[in-house]
Amino acid sequence: MTLTNALSPAREPVKFAYWVPNVSGGLVISKIEQRTGWDIDYNRKLAEIAEASGFDYALSQIRFTAGYGAEFQHEPVAFSQALLAATTRLKVIAALLPGPWNPAVAAKQIATINNLYGGRVAVNVVSGWFRGEFAAIGEPWLDHDERYRRSEEFIRALRGIWAEDNFTFRGDFYRFSNYSLKPKPIDPQPEVFQGGSSRAARDMASRVSDWYFTNGNTPEEIAKQVDDIRAKAAANNHSVRIGVNAFAIARETEAEARRVLAEIIDKADPEAVNAFGHEVKNAGKASPEGQGNWARSGFEDLVQYNDGFRSNLIGTPEQIAERILALKAAGADLILLGFLHFQEEVEHFGKHVIPLVRQLEAERPLAVAAE
Ligand SMILES: Cc1cc2nc3c(=O)[nH]c(=O)nc-3n(C[C@H](O)[C@H](O)[C@H](O)COP(=O)(O)O)c2cc1C
């Protein structure tokens, strides 16, 4: 970690995003009582609360069929638009899955939403792990690294369509000839996030994405990913920011927070967790280096399906704020959060954790990393 001095500017305040519960069952594969709804009324109110509580972004998911429970799933682009209509500052990140999505349609959809809502829409290009889902909708299933080759072309196509007139592109997956999208998105271009931690995911981030989203992890493990990606990005003359997933359980005492975690795990649905674990490990197998998102996830990690417990934002607001600073020192620019009872806990997080983070950031400013 490098603290600032007179010559080095301070890093920006860490940003906060929350997972939009646009699928049923909440963010943990557990039969614990959850007061989180997946319907639009619940989500509109949640977006308003998040915006008022200091959250910068809301991230939706794409699922075509039930995976980890998640029996019902709203489509993320349509759903994001409804959340934009309910808010005025929040940025909404819509998940896009190359394969089902074609970049021409995606670029046009997002450009329109971008025009309608003052540039507040971003995208999360995900590469897919759920073979059964692809089979269900008749989409060919590519090998792991091929999925990333396609995602990279998808991102290059989006960026080209958004930026250029007479866009021409000859890829292995997508072709464009003299295509001019009108209207284009208003300035700035929609931000492009991506999800995944494998070698292929990191390499793609270091070439084309604005943001790299990764599963929950310790600051030490996050730092390894960040150093790896930043070094490659610098060699490519590209800069990429880092978002880290976490499941937050903030309670008055650490013991209370740990009790909630223990109950989530005790009441986990073993059949659904194991089925999910089987799918994701299978999907990652073709990632030759074995560094994929779930390469080292055990049963307890998988109960929060993006390893959110590993980031350890579980305890008192003071402990959580310190751990967020440690993740920031490791290179995180954004913390993506899931909660058990979203509306209540997003509000609580905004009231009790974010102000402590801002205070610590003011007391111990970190210097911008040398590229
Ligand atoms: C924050 C985050 C959000 C994701 N959202 C989705 C999603 O909505 N739908 C989906 O199919 N995959 C989603 N993924 C999965 C990734 O696109 C990718 O398939 C997975 O992380 C495995 O990648 P890896 O083997 O390259 O690590 C997400 C991943 C992360 C980290």
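A residue counts as buried if 20 or more other C-beta atoms lie within 10 Å of its own, as exposed if 12 or fewer do, and as partly exposed in between, with C-beta atoms placed from the backbone. The model is predicted: local features need pLDDT of at least 70, side-chain atom pairs count only at pLDDT 80 or more, and totals for chains, interfaces and linings use all residues. Residues are numbered from 1 along each chain as its sequence is written.

View 1. Helices (H or I, at least four residues) and strands (E, at least two) are DSSP runs, numbered from the N terminus. H7 spans residues 219-235, 17 residues in all. From first C-alpha to last, H7 reaches 24 Å, close to the 24 Å expected at 1.5 Å a residue. That expected span is 1.5 Å times one less than the number of residues. Buried in H7 are Pro219, Ile222, Gln225, Val226, Ile229, Arg230 and Ala233. Down the axis, these buried residues fall within an arc of 125°, so they line one face of H7. The arc is taken from the directions from the helix axis to the C-beta atoms. Glu220, Ala231 and Ala235 are exposed on the face turned away.

**View 2. What H7 packs against.** The buried residues of H7 pack against helix H6 (199-205), strand S8 (211-214), strand S9 (241-247) and helix H11 (317-330). Contact here means C-beta atoms, placed from the backbone, within 7 Å. Just after H7, Asn237 takes a positive phi of about 60°.

**View 3. Helix H9 and Phe276.** In H9 (residues 270-284), the buried residues are Ala272, Val273, Phe276, Gly277, Val280, Ala283 and Gly284. They cover an arc of only 135° around the axis, which puts them on the same side of H9. Pro270, Glu271 and His278 are exposed on the face turned away. Phe276 has 23 other C-beta atoms within 10 Å. Leaving aside neighbours within four places in sequence, Phe276 contacts Ile29, Gly67, Tyr68, Leu302 and Tyr305. Phe276 and Leu302 are 26 residues apart in sequence, yet 7.8 Å apart in space, C-alpha to C-alpha.

**View 4. Helices H1 and H12 side by side.** H1 (residues 40-52) and H12 (residues 342-352) pack at about 5°, with axes 9 Å apart. Axes are lines fitted to C-alpha atoms, for helices over the stretch in contact, and angles run from 0 to 180 degrees between N-to-C directions. H1 and H12 are therefore roughly parallel, a term for angles under 35 degrees. Lys45, Leu46, Ile49 and Ala50 of H1 meet Phe342, Gln343, Val346 and Glu347 of H12.

Note on methods
Angles under 35 degrees count as roughly parallel, over 145 as roughly antiparallel, 65 to 115 as roughly perpendicular and the rest as oblique. Two residues are in contact if their C-beta atoms, placed from the backbone, lie within 7 Å.
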